[in-house]
Amino acid sequence: MYKKVEDQKTVFLQYKERLVVDGISTEEKLDAIRNKDDSQLSEAFDRSVNFKPFADHLEGPKWKGFVQTEDSTKSIDTGFDSKRLIEIGIASVTVPDDFSVHPRIQKQFIETRKEKFTSTAAQTQNLDWATCEALAFGSLLTEGYDVRISGQNVSRGTFSQRHAKIWCQKTGNTIIPL
């Protein structure tokens, strides 16, 4: 599927070609429109660097004098055995030998995560959000709890960070390592 997508022209180029072929516009006019839009986006981005939002629903006079009561929270032991977390971390990216993983996912996701848990520094390694999320899900699963995450694209993650489900590039089959 990645190959098919890679071989496609961008939507912009397809639309531009169609407008030119149909005589609706010229390449020069369309390039000028795109350059103007790109320029506006760049200017907006440059302005955003110094933007300081004010969240008046979280700050300001509405909350003056607000005090959290001490008896409203409980302290719960949420610890988990570090050796079991290492096992979960490795299991979260273990796929069958005959499973053809996309090379980028293999390198940037699977190998990177396995290295975090097989190196001698595994106890002190900085872990990314998606790895910690996998450890949390895996620890709950090993304790017998069900885990359900919902929403669009949850198996891959919004920014392609989660990869809870991995696709075989040859067959299109999927697995969920946890």
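Me: In which helix is Ser139 found?
Reply: This is a predicted model, where local features need pLDDT of at least 70 and side-chain atom pairs count only at pLDDT 80 or more, while totals for chains, interfaces and linings use all residues. Residues are numbered from 1 along each chain as its sequence is written, and side-chain values use heavy atoms, leaving out hydrogens and water. With helices being DSSP runs of H or I of at least four residues, and strands runs of E of at least two, both numbered from the N terminus, Ser139 belongs to helix 6.

Me: Is Ser139 buried or exposed?
Reply: Buried is under 20% relative accessible area, exposed is over 50%, and partly exposed is in between (1.4 Å probe, protein chains only). Because its relative accessibility is 11%, Ser139 counts as buried.

Me: Which residues is Ser139 in contact with, leaving aside neighbours within four places in sequence?
Reply: Ser139 is found in helix 6, and contact here means heavy atoms within 4.5 Å. Leaving aside those sequence neighbours, the contacts of Ser139 are Phe80, Leu85 and Ile88.

Me: What does helix 5 pack against through its buried residues?
Reply: Helix 5 covers residues 103-118. Its buried residues are Ile105, Phe109, Ile110, Arg113, Lys116 and Phe117. These pack against helix 4 (82-91), helix 6 (129-142) and strand 1 (166-167).

Me: Which residue has a side chain joined to that of Lys116 by a polar contact?
Reply: Lys116 lies in helix 5 and counts as buried because its relative accessible area is 12%. A polar contact is a pair of N or O atoms within 3.5 Å; within protein, one must be able to donate a hydrogen and the other to accept it, and residues adjacent in sequence count only if both atoms are side-chain atoms. At 2.4 Å, the side chain of Lys116 makes such a contact with that of Asp128.

Me: Which backbone nitrogen does the side chain of Asp77 reach?
Reply: Asp77 sits in the loop between helix 3 and helix 4, and it counts as exposed because its relative accessibility is 73%. At 3.0 Å, its side chain reaches the backbone nitrogen of Gly79.

Me: What separates the C-alpha atoms of Ser155 and Ile176?
Reply: Ser155 is in the loop between helix 6 and strand 1, yet it counts as buried because its relative accessible area is 17%. Not counting residues up to four places away in sequence, Ser155 touches Arg162, His163, Ala164, Lys165 and Trp167. Ile176 is 21 residues from Ser155 along the chain, and their C-alpha atoms are separated by 8.7 Å.

Me: What separates the C-alpha atoms of Leu58 and Val5?
Reply: Leu58 is found in the loop between helix 3 and helix 4 and counts as exposed because its relative accessibility is 58%. Leu58 and Val5 are 53 residues apart along the chain, and the separation of their C-alpha atoms is 43 Å.
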